[in-house]
Amino acid sequence: MTEFYDHLETRDQKQRQEALIEAVAAQVAHAKAEAPAYSRILADVDPADITSAEAITRLPLTRKSALIEMQQNARPFGGLAAAKAPRLAYVFASPGPIYEPGSKRSDFWRFARALFAAGFRTGELVHNCFSYHFVPAGAMVDSGAHALGCSVIPAGVGQTELQVQTIADLRPDGYVGTPSFLKIILEKADDMGADVSSLKKALVSGEALPPPLREGFSKRGIKVLQCYATADLGVIAYETDAMEGLVIDEGVYVEIVRPGTGEPVADGEVGEVVVTSLNPDYPLIRFATGDLSAIMPGISPCGRTNRRIKGWMGRADQTAKVRGMFIHPEQVDRVVKRHPEIRKARLVVDWVNESDQLTLQFEADSSSAELEQAIADSIRDVCKVRGEAKPVAPGTLPNDGKVIDDTRQYD
């Protein structure tokens, strides 16, 4: 039995990078031609100029946080989708609301690779407990499972006793859904005295998989791996047998950038996950997910050569309301860029003496009263509220991706 889904997973890293850059350039050209919003957003971009990773960093971001407004102005997808009827097969409605397309393209959300890494194989039966109601989650798994040659029980969520009875009757090979619902199903099976031992593998997503929970599944003979996916993009990265981070999927180009900017951070540094999808039906270009992660050094011991991320590490959206004014990470970035002496900074919002207090903590080779006052002036000018600047020793600020740290407690 082969260890890899296809040859793409073991490509030479340089070869992959060159192929991805070429694919991003082609996707930009396609998006400009077929997606009305991108014909406007990328109006000044010549795809022929995209010949390096650095060139990709100069492309504008499309922020997930902007989708609701974009879609209100251009239903249903804000002009970002290229698929049209009859190729357009689904219009999903996620919370927000945010509407996502689904086309007739095989494995539209690229779940087959993650399922394969989790041990699913052609001819097996998958018990799919992701929701089929409005959101794309259930269809995402179905599309990948069918591409892999698996049959699917469209179980959805809820109805725990029926879930147990179906598993006991049909003997599926594995489960796909959230880890917490798998735990509920197993506990209900114990209560009912039902045999659900056919479940030997699981691919989970949508929430955290703490080590004790994974260990509990393992004791029951179920090997559980996880993947990181979004409704807009599909699978971004997936876990392998090595269980050392998540390997980036071959159908996306991933960057980790400083929150509030489009500037890549160094490997190992926490930042916002930005993804360019290579799906021609929904060509999201430099899509800023709002999620935090970090690139891990080296390659996976499993033999797959693509880069790895540490997994989901929180949200990058750190907007704070201070004295009636919203402060965004982009504003903090503008303050920092006014002062080249600053190497690293974060804006701390605290509640002191029943009042909001704003402090820009910054690392610099040296500081002075004049620099601190200049930074304070910039805070007032850019953020429209008063704040102070406080130098801290180099290496003091944690590497957690935070630009705004809201520490207020109202005891």
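This is a predicted model: local features need pLDDT of at least 70, side-chain atom pairs count only at pLDDT 80 or more; totals for chains, interfaces and linings use all residues.
Residues are numbered from 1 along each chain as its sequence is written, and side-chain values use heavy atoms, leaving out hydrogens and water.

Let's begin with the sheet. Helices (H or I, at least four residues) and strands (E, at least two) are DSSP runs, numbered from the N terminus. Two strands pair if DSSP finds at least two bridges between them. Here, 4 strands make an open sheet with mixed pairing, in the order β20-β19-β18-β21. At the edges sit β20 (388–392) and β21 (404–406), each pairing on one side only. If you want a spot to look at, find Trp351, which stands opposite Asp356 in β19.

Now for the helices. I'll say contact when heavy atoms are within 4.5 Å. For angles, axes are lines fitted to C-alpha atoms, for helices over the stretch in contact, and the values run from 0 to 180 degrees between N-to-C directions. Helix α10 (residues 329–337) lies across β18, β19 and β21, at about 130° to β18. Helix α11 (residues 369–383) packs on the sheet too, touching β18, β19 and β20, and its direction makes about 130° with that of β19.

Which residues of α10 are buried? Buried means under 20% relative accessible area, with a 1.4 Å probe and protein chains only. They are Pro329, Gln331, Val332, Asp333, Val335 and Val336. Their cover includes β17 (325–327), β18, β19, α11 and β21.

A pocket, on a 1 Å grid over the protein atoms alone, is an open set of points with protein on both sides within 12 Å along at least five of seven lines, and lining residues have an atom within 4 Å of a point. Grid points are joined across faces, edges and corners, and a volume is the space filled by probe spheres set on the points. The largest pocket has a volume of about 810 Å³. Its lining has 30 residues, and Ser205, Gly206, Glu207, Ala229 and Thr230 lie nearest the centre. Which element gives the most to this lining? That is β8, with 5 residues.

Conventions
Buried means under 20% relative accessible area, exposed over 50%, partly exposed in between (1.4 Å probe, protein chains only). On a 1 Å grid over the protein atoms alone, a cavity is a set of points where a 1.4 Å probe fits but cannot get out, and a pocket is an open set with protein on both sides within 12 Å along at least five of seven lines; lining residues have an atom within 4 Å of a point.
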